[in-house]
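Subject: The structure I promised you

Hi there,

Here is the structure we talked about, ready for you to open and turn around on your screen. Have a look at it first, and then read on for what I found.

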Amino acid sequence: MKARIKFKKYGVIRFIGHLDVMRFFQKLMRRADIPIAFTGGYSPHMIMSFASPLGIGLTSDGEYMDIELTAPIDSAQAVERMNAECVEGIEVVSLKQIPDEKKNSGMTILAAADYLVSLKKGALPADWKERFEQFISQPEIRVIKQTKRSEKEVDIRPMIYGWEFRDESIFLKLAAGSSENLKPDLVMDTYLAQVCPAISFAYHRLEMYADISDNGTRKLVPLEELGSDIHV
């Protein structure tokens, strides 16, 4: 049986890297007595995978980890037990059963993510909203994007699925996943290069989505909604 855990990451824990987060959850599974499965072989390890590891310094309300269970466990009880053993800065939101097929893993189906961008350091010009609207409304936004082996010029505008102002913050819905992936800092750094390079922003991930469309029209659904509660 496979399950998907949704959790929050906030506070000083935002400075902890992905490997340390993974080690924390390995310890948490033992302390909370979650019946997680292990791989075989001479060096068995817990079967867990993260939909999209969060960068250092970012906070989030919508992180996801898929695990494999050796036995059913009540979702509400599992969440309560895990939170009882959590440190400040990590909060488990839900545990849902998901289909067993590998094609349904969060890492595989991830298609988009929401971010809230807020001013961290510096002062924006008075007309920053007008200038951002002009920037984001361009038919093309071409940038130099780093890959693992090289760098290339790409148009990131098609990877920006949505945006809006939320008071003095900016909401962004961006492409995410293995086929297309756009980080919010690349969007904002490109904007700042035209406005005020001395500014820095804080980034908060709100949610991650799968695309369940079957006719070519994008239909994004939170990863949490693709699972169901386990009742034992």
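Predicted model: local features only at pLDDT ≥ 70, side-chain atom pairs only at ≥ 80, totals over all residues.

If you skip the neighbours within four places in sequence, L119 is in contact with L124, I199, S200 and F201. L119 itself is found in strand β5, and at 38% relative accessibility it counts as partly exposed.

In soluble globular proteins, nonpolar side chains tend to be buried together. Here the largest nonpolar core has 36 residues, and the members that touch the most others are F132, I156, L172, V187, M188, Y191 and L223. Several elements supply at least two residues each to this core: β5 (110-121), α4 (128-136), β9 (169-175), α5 (184-195) and β10 (200-211). The largest share comes from α5, with 5 residues.

Not counting residues up to four places away in sequence, V187 touches F135, I136, I156, I160, L172, L174 and L182. There is also a second, separate core of 27 residues, with A3, A32, I34 and F50 among them.

**One side of a helix**

Which residues of α4 are buried? They are W128, F132, F135 and I136. Because these residues cover an arc of only 85 degrees around the axis, they lie on the same side of α4. An α-helix has 3.6 residues a turn, so residues three or four places apart point the same way. What covers the buried residues of α4 includes β8, β9 and α5.

**The aromatic rings**

A search of the whole structure finds 11 aromatic pairs. A pair of aromatic rings is described by the distance of the centres and the angle of the planes. Take F132 and W163: their ring centres are 5.5 Å apart and their planes are at 75 degrees, so this pair is edge-to-face. F132 lies in helix α4 and W163 in strand β8 (residues 160-166), so the pair ties together parts that are 31 residues apart in sequence.

Are the two partners buried or exposed? F132 is buried, since its relative accessible area is 0%, whereas W163 counts as partly exposed at 26% relative accessibility.

W163 also pairs with F165. Those ring centres are 5.1 Å apart and the planes are at 80 degrees, so this pair is edge-to-face. F165 counts as partly exposed, at 25% relative accessibility. If you follow the ring pairs along, they link W128, F132, F135, W163, F165 and Y191 into a cluster.

Two arginines are worth a look here as well. The charged end of R166 sits over the ring of F171, 4.1 Å from the ring centre. R218 lies over the face of Y161, and the distance to that ring centre is 3.6 Å.

**Two hairpins**

Strands β6 (residues 142-146) and β7 (residues 151-155) run antiparallel and are joined by 5 bridges. They form a hairpin with 4 residues between them. To find your way in it, look for Q146, which stands opposite E151 in β7.

β8 and β9 also run antiparallel, with 6 bridges joining them. In this pair, F165 stands opposite I170 in β9. The hairpin of β8 and β9 has 2 residues between the strands, and D167 takes a positive phi near 55 degrees there.

**Two aspartates with a positive phi**

D167 is a residue other than glycine with a positive phi. It lies in the loop between β8 and β9 and, at 68% relative accessibility, D167 counts as exposed.

Where does D33 lie? D33 is in the loop between α1 (18-31) and β2 (48-50). Its phi is near 55 degrees, again a positive value in a residue other than glycine. D33 is exposed, with a relative accessible area of 56%.

Enjoy exploring, and write back with any questions!

Best wishes

Key
Residues numbered from 1 in each chain as written. Heavy atoms only, no water. Core = buried A, V, L, I, M, F, W, Y, C linked by side-chain atoms within 4.5 Å. Buried < 20%, exposed > 50% of the residue type's maximum accessible area, 1.4 Å probe, protein only. Contact = heavy atoms within 4.5 Å. Phe/Tyr/Trp six-rings, centres within 6.5 Å; stacked < 30°, edge-to-face > 60°. Lys NZ or Arg CZ within 6 Å of the ring centre and 35° of its normal. Pairing = 2+ DSSP bridges. Arc of directions from axis to C-beta.
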